[in-house]
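Dear colleague,

Please find the structure below. My notes on what was found in it follow directly after.

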There are 2 protein chains.
Amino acid sequence: MSLMEHFKSIFYPESVAVIGASNSMDKWGAGVFSSVLRTSNIKKLYPVNNKTPEVMGVKTYPSILDIPGPVDFAAIVVPYNYVLGIVKECVAKGVKGALVITAGLGETGAEGARLQKEIVDTARAGGMRFVGPNCMGHFNTANSFSTARGGGETLRKGNVGVISQSGGFAAHILQIGAEMGVGFSKFVSTGNEADLHFEDFFEYYAQDKDTKVITAYIEGLREGPRFFDIARKITKTKPVVIVKVGRTNAGTRAAKSHTAAIAGSDHVYDAMFKQAGIIRVDDVEELFDVASGLLHIPMPRGKRVGILTFGGGFGCVTADASERLGLEVAQLSPHTIEALNKILPERWPHANPVDTVGYGDVTYPCLWPMLEDDNIDSVIVIGGLANMGMRRRREKLTKDAFQDQDDPSSMFGMTLDMMKAREEKEKQNLAKLYEYMRKYKKPVLTFDRHVEHMKDEPLYKELQENGIMIYPTPERAARVLARLSEYSRYVQSK
Amino acid sequence: MSLMEHFKSIFYPESVAVIGASNSMDKWGAGVFSSVLRTSNIKKLYPVNNKTPEVMGVKTYPSILDIPGPVDFAAIVVPYNYVLGIVKECVAKGVKGALVITAGLGETGAEGARLQKEIVDTARAGGMRFVGPNCMGHFNTANSFSTARGGGETLRKGNVGVISQSGGFAAHILQIGAEMGVGFSKFVSTGNEADLHFEDFFEYYAQDKDTKVITAYIEGLREGPRFFDIARKITKTKPVVIVKVGRTNAGTRAAKSHTAAIAGSDHVYDAMFKQAGIIRVDDVEELFDVASGLLHIPMPRGKRVGILTFGGGFGCVTADASERLGLEVAQLSPHTIEALNKILPERWPHANPVDTVGYGDVTYPCLWPMLEDDNIDSVIVIGGLANMGMRRRREKLTKDAFQDQDDPSSMFGMTLDMMKAREEKEKQNLAKLYEYMRKYKKPVLTFDRHVEHMKDEPLYKELQENGIMIYPTPERAARVLARLSEYSRYVQSK
């Protein structure tokens, strides 16, 4: 049976046994069973427990061997000294894929390692492959199947795959991703990697159609060269974004004592990542900012960024962040300066960042020549795009001080007809912007502090579908663009 | 009249005129007047407008000269070509302090600069000092007085003073601070600094009792040596935290074109900041993380951090971040290792980070020897402190899956009595922790992803009052601690 077929049992099982399922919510066996029960559409779901007739209303079986019909996948949540016996039963039952939550094995010392090895040998000899032990579960949003405790809120379907070498930190990763609105394809906490290694999951995600960006938390790899080979083959078409600890001596020491993996020199990892086109990031927020950017933003051809801002301070901060993170603040072509001279008052700085010095509603007119400029590969727009500030202000004022006013529009000195005309104009501008982005293949990133509250708005989705992402700080926009530019350079060089 | 007396008129006026007050919400004159009206307890508030008999229900005066009785402070929100005439009237009225919102003066070129100079000369000759022009207002929470548009939500009283050289970016700064729960003392957007300079506000904040930490956004200083002198005198007792743009060439160029200030070499600034004990930070989030830390967390004596974690991944990430940011991951003393051996199972890593390898409820027992250890100056605790995870899980479970259950406590296999006993134990542990922190003078920082939702809880406030701050990522805890350690080293060297 091929590795990919084993993975099919693990991620797309038709029948699932949870061995150690429990009603006591302080036990893992309850959390795991509850996850499978609540989130999945697995029809053949069997709790295995020899002490109680039912778990959460579902009939139990004393042993997996008592289950009528086949079982594709087993989640094992029993004390460590029972695992070997359970694995033997799974093999006897013909289970092809399993996941062992149980801790207390390889990570505890020589005795645990010996027992763990026996478990691996037994499973492999019996044609079963497994995740873990000492892991936090996995999930697949394609069939809403999850063994991760409390995974419900993180099961938002999408195209970001996650592989984590730490269990506890994986929960943190998923939590942050969910808060950021990221949609996931598959997730796995690899645990001790006694049988299946990080590299196996990596290879599986590499060919998984639902996973368009692979993200990972790495402490140390067991099969570096294999990882490198897979990465070199796929990063050009399927980007890989990684948080790897061990940048410092203290981090490396901690990783060594945490995972049995050879942590290796961070410099070697760093060089390997660069050569393979892997995007290395510093923290989880950046991990998902970049992953989402890769999914939605068109690739910039180079690192020369144009900055369009309604205020000088934002221009300074954005320019500073851009250069610090590896972008180049573009030099405007004479033609662009000429075009902007016709729009902006004499006091505009005549350089990039293009500061509209608070001069009326000129964002779009200024944006067109910038997108046409051959010296510019991408544009960060601070303010004025998609009328977002206006919408927010209107909403806020309507709620706040002037809720007793009959016609909220009058507070802007505008009639409803004027507002409608303005919105019509905005639609036309956006249509032109989408067309320009397609024509010139230049990403446009923008900033709105309140983006968290906008993510369910149709406008946000429209912008995202057309390649425009919104960030709550200008620094985050610059950071994503810097990573994308670097990745784009790699892809172009291949 | 001394500078400080002028500042008294600006921040603590008894009577205020808003010249250019308006009912049209799309005009600055409406926003500013509405702010003063809504937020302040200034009893003598006069809108000045010669075209309408009342603004927002308050009787107007055609000119400031028509106001009966004295006026301490004037906010000027009229088109640029009227400012000089208005300033003459203010002087005639005996106004001692003013703030000019109006743009279109010094920042627009030679002609505007000439007019601006005449305005400054007129004001100074008449005994009036002013903020701006081209600024976004100011506020003082001591008397709830604000000229900043829409400043209501940011007027949370506290001890952080803000001085910003950018207006638009200042709104962003205040917004982020408000979201982070920061309490402010005073705020000012300095604008063109035609009359009052950054250094004047700095000197004023230096002696202001409500301001315990000074934060600032700087593009370029007009009086570097004076700034340096003030800073050297105060930073030892009143810390100063600064975001300064111009780290890169692009940022410096942008700052030069935005403010008339001499931006100067960033290296010179950096050296000056270091010599004067100023804490330089990279972005606004860090600005307020550090400012809040300075207000609440006891100063660490050195940079050797102990890390106590329930999971290895968090330990790696925290160790990595700590060293990268300038802390040192402490070496445990043999005595501490011995003490921890008695608490933790054999497989614990026997080193810092102290990973409790998921072994029960041992956070406090492990924390005591770490706080006693002379090799450790501070501790970051990941999980287990103040029972936060438990509280959250209980709340979540109670809401989610098990809301139909009669006794929510039973889901943990605990009776209510057991839970009460547990909470009593927690109280005792916290009391001991506060005592330890006082005795050993070592800060304890902790992590909870959900801290944003905890800020109104009594527990959060209790922890904060006792010097324990909670951060939503381990990296942010490490960053604050790194800045505090550096500052502490400076203070000790003086």
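Two strands are taken to pair if DSSP finds at least two bridges between them; strands (E, at least two residues) and helices (H or I, at least four) are DSSP runs, numbered from the N terminus. This is a predicted model, in which local features need pLDDT of at least 70 and side-chain atom pairs count only at pLDDT 80 or more, while totals for chains, interfaces and linings use all residues. Residues are numbered from 1 along each chain as its sequence is written, chains are lettered from A and ligands numbered from 1 in the order in which they are written, and side-chain values use heavy atoms, with hydrogens and water left out.

Sheet in chain B

By that rule, strand β10 (residues 157-164) and strand β11 (residues 184-189) of chain B pair in the parallel sense over five bridges. B:Ser164 stands opposite B:Ser189 in β11(B). Both strands belong to an open sheet of seven strands with mixed pairing, in the order β9-β8-β11-β10-β12-β13-β14. At its edges are β9 (145-146) and β14 (279-281) of chain B; each has a single partner strand, so one side of each is left without a neighbour in the sheet.

A:Lys93 lies in helix α3 (residues 83-93) of chain A. A:Lys93 is buried (under 20% relative accessible area; over 50% is exposed and in between is partly exposed, with a 1.4 Å probe and protein chains only). A:Lys93 has no salt bridge (a side-chain nitrogen of Lys or Arg within 4 Å of a carboxyl oxygen of Asp or Glu). The nearest side chain of opposite charge, A:Asp66, is 8.5 Å away. The side chain of A:Lys93 does reach the backbone oxygen of A:Gly69, at 2.9 Å.

In chain B, B:Ile64 sits in the loop between β4 (58-59) and β5 (73-76). B:Ile64 is buried, with a relative accessible area of 1%. The C-alpha atoms of B:Ile64 and B:Val95, 31 residues apart along the chain, are separated by 9.7 Å.

Interface of chains A and B

About 4,500 Å² is buried between chain A and chain B, and carbon and sulfur atoms give 63% of this (the accessible area, 1.4 Å probe, that two parts lose on being put together, summed over both). In chain A, A:Met25, A:Asp320 and A:Arg449 lose the most area to chain B, together 13% of what that side buries. Two salt bridges are found across the interface. A:Arg449 forms a salt bridge with B:Glu179, the closest N and O atoms being 2.7 Å apart. On the side of chain A that touches chain B, α11(A) gives the most, with ten residues.

With kind regards

Methods. Lys and Arg count as positive and Asp and Glu as negative; His and the chain ends are not counted. A polar contact is a pair of N or O atoms within 3.5 Å; within protein, one must be able to donate a hydrogen and the other to accept it, and residues adjacent in sequence count only if both atoms are side-chain atoms.
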